[in-house]
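Please read it beside the sequence and structure shown here.

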Amino acid sequence: MAVEPIKIAVIGDGGVGKSACTIRFVKNQFHEQYDPTIEQTYSTTVETEEFGSLPVEIIDTAGQDDYENFRSVSISYGQAFLLVFAITSHKTFEKMESMLVEAKEDAPKIVIGNKSDLSADRKVSVAEVEAWCKERGFKYFETSAKNNINVREAFVDLVQQAAKKRQHT
Ligand code: GDP
Ligand code: MG
């Protein structure tokens with residue numbers, strides 16, 4: 001019997017690196033430029049110790065303004081959520097609060113502080129994010145899609161949480 005893919009929605013403010021992290025994970029590539037308006041779905045397979053090989057579908061959400069509705073529709077498909085902000089912008093950290101409203105409440109979620117390679121320009125302290133995450137029971141990863149730091153670890157952790165949850169429902 002074919003296993004249903006685990007559906008992950010990648011959400012966060014514009015420009016934080018949602019597409020960069022997704023493409024780093026799926027294709028192990030980094031580009032300087034991604035179309036900020038295109039919402040795209042990727043299929044891949046993730047190897048886990050506990051559950052073996054799992055099919056995963058990732059929705060790289062996009063857009064503000066005109067695309068806002070489109071995005072909330074796609075968010076409703078997610079069974080697990082990767083909340084992304086950039087450590088170089090405090091506004092993108094604050095934005096996660098409102099994004100959470102759109103994500104299914106009982107779905108597994110993890111938080112990514114991306115652009116860790118730009119730490120000289122850091123605007124969000126680790127302590128601040130960790131406090132925010134602890135309150136909500138989310139794990140926190142600092143990533144650099146550019147330098148390939150922690151991106152795989154974050155996605156795999158989320159897939160494992162989602163697989164565990166599915167096993168119990
Ligand atoms: P999205 O709107 O959230 O999908 O953001 P993008 O993935 O399009 O990235 C926005 C910009 O940030 C692009 O110019 C990327 O090259 C850049 N970017 C993404 N991730 C990183 C990163 O880890 N480090 C640095 N320095 N730049 C990044
Ligand atoms: Mg994008």
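An open sheet is formed by 6 strands in the order β2-β3-β1-β4-β5-β6, with mixed pairing. Strands pair if DSSP finds at least two bridges between them. The model is predicted: local features need pLDDT of at least 70, side-chain atom pairs count only at pLDDT 80 or more, and totals for chains, interfaces and linings use all residues. Residues are numbered from 1 along each chain as its sequence is written, while chains are lettered from A and ligands numbered from 1 in the order in which they are written.

- The edge strands, β2 (40–48) and β6 (139–142), each pair on one side only.
- β2 and β3 (residues 52–60) run antiparallel and are joined by 9 bridges.
- Thr48 has Gly52 in β3 as its bridge partner.
- Helices (H or I, at least four residues) and strands (E, at least two) are DSSP runs, numbered from the N terminus.

**Helices α1 and α5**
- The axes of α1 and α5 (residues 151–167) come within 9 Å and cross at roughly 85°.
- α1 and α5 are therefore roughly perpendicular to each other (65 to 115 degrees).
- Axes are lines fitted to C-alpha atoms, for helices over the stretch in contact, with angles from 0 to 180 degrees between N-to-C directions.
- Cys21, Arg24 and Phe25 in α1 meet Val151, Arg152 and Phe155 in α5 (contact: C-beta atoms, placed from the backbone, within 7 Å).

**Ligand 1**
- Gly17, Lys18, Ser19, Ala20 and Lys146 come nearest among the 19 residues around ligand 1 (C-beta atom, placed from the backbone, within 6 Å).
- Helix α1 (residues 18–27) gives the largest share of this shell, 3 residues.

Methods
Parallel < 35°, antiparallel > 145°, perpendicular 65-115°, else oblique. Contact = placed C-beta atoms within 7 Å.
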